[in-house]
Amino acid sequence: MSDGTTTRDGLDARLEQHRVELTGYCYRMLGSSFEAEDAVQDTLVRAWRSFEKFEGRSSLRSWLYRIATNVCLDMLGAGGRRARPMDLTNSTPLARAVLSPRPDTTWLEPVPDARVLPTADDPEQAAVAKESVRLAFVAALQQLPPRQRAVLILREVLAWRASEVAELLGTSVASVNSALQRARATLAERSARGADAAVLDPLDKEQQALLERYVAAFEAYDMAALTALLHEDAVMTMPPFDLWLRGSSDITGFMTTLGSACAGSRLVPVRVNGLPGFAQYKPDPDSGGFTAWALQTLEISGGRITGFHCFLDIRRWFPLFDLPLQLEGQTDQTE
């Protein structure tokens, strides 16, 4: 038997090759970008410490997924599931809008594409991967019991064979197939209630033009132009607040009342959860520039914006996306 030095030769690099895809898997399981990174780090540390026990009967990748699954199941055993505001409450008319925050652990978290989507040569495979990290899909996954969640991700997203999933989970193929059937039924029920977001991949010229019109309308704070871009049943959410609004009139009404301080904002494009998004900076009268305010993600269908989600905890999100907390430049008030 080789000594530890020889056995571990190049192990760090071999483990790191799997970090992005493992982070994507753990993110789908946990619904939290930070918990996913913690889970992957724990997975890689466990793999390093127990590498001598790895007998090579499966691939290194399969072995890492087994460890990652156990880590996630342990973390999920503490209870609780991540959610979006519409998963917890009914929409609120603008006239009764109240900004009530809930703890960070309540919410499904955004994640940068680069952290969870490995480079794929196959366009179809890349499209499936993007769809499977979209907010609506990850929110639907959170409604599944943890083991069903793992089965569905491994079978439907990662295209593992039932026998491979059964070996990983230490169960039978029949049990895996049964869990997959139940998981599909749950997701189909949510889809029938309109819970799934429309896919947006790839961006075509019409969709890109829609985003350009959105940026122009938002930065000008032109509510008439913005209304023309919103679907009549568009949804707006603002974690950590549990308030969510439905309909273009309530959304634009909110923006001109409670959200009026966002007038004159600047938007910087980002890729988030396989969707187009923007880092929003609102005017900073003290510096004369702009200060971080929200991470926006957009859902688009039929040439309209159907979902407008603003994550407001900028001290967490902007560093995660490698975004500055301040932008230089003149605001409209100082021009």
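This is a predicted model: local features need pLDDT of at least 70, side-chain atom pairs count only at pLDDT 80 or more; totals for chains, interfaces and linings use all residues.
Q: What does the secondary structure of the protein come to?
A: Helices (H or I, at least four residues) and strands (E, at least two) are DSSP runs, numbered from the N terminus. This protein has 16 helices and seven strands. The radius of gyration is taken over C-alpha atoms, and the globule rule is 2.2 Å times the number of residues to the power 0.38. The value here is 22 Å, close to the 20 Å from the rule for 335 residues, so the protein is as compact as a globular protein of that length.

Q: Which residues touch the most other members of the largest nonpolar core?
A: In soluble globular proteins, nonpolar side chains tend to be buried together. A nonpolar core is a set of buried Ala, Val, Leu, Ile, Met, Phe, Trp, Tyr and Cys residues joined through side-chain atoms within 4.5 Å. The largest one has 68 residues; Tyr25, Cys26, Tyr27, Met29, Leu295, Phe318 and Leu323 touch the most other members. Helix H5 (residues 60-76) gives the most to this core, with ten residues. Apart from it lies another core, of 31 residues, including Met223 and Ile305.

Q: With which residues is methionine 29 in contact, leaving aside its neighbours within four places in sequence?
A: Contact means heavy atoms within 4.5 Å. Methionine 29 has Cys72, Leu73, Leu76, Gln142, Pro146, Arg149, Ala150 and Ile153 as such partners.

Q: Which residues of helix H11 are buried?
A: In H11 (residues 162-169), they are Ala162, Val165, Ala166, Leu168 and Leu169. They cover an arc of only 165 degrees around the axis, which puts them on the same side of H11. The arc is that of the directions from the helix axis to the C-beta atoms. Glycine 170 follows H11, with a positive phi near 65 degrees.

Q: Where is threonine 257 found?
A: Threonine 257 sits in the loop between helix H15 (248-256) and strand E3 (266-272). Its relative accessible area is 46%, so threonine 257 is partly exposed.

Notes: Residues are numbered from 1 along each chain as its sequence is written. Side-chain values use heavy atoms; hydrogens and water are left out. Buried means under 20% relative accessible area, exposed over 50%, partly exposed in between (1.4 Å probe, protein chains only).
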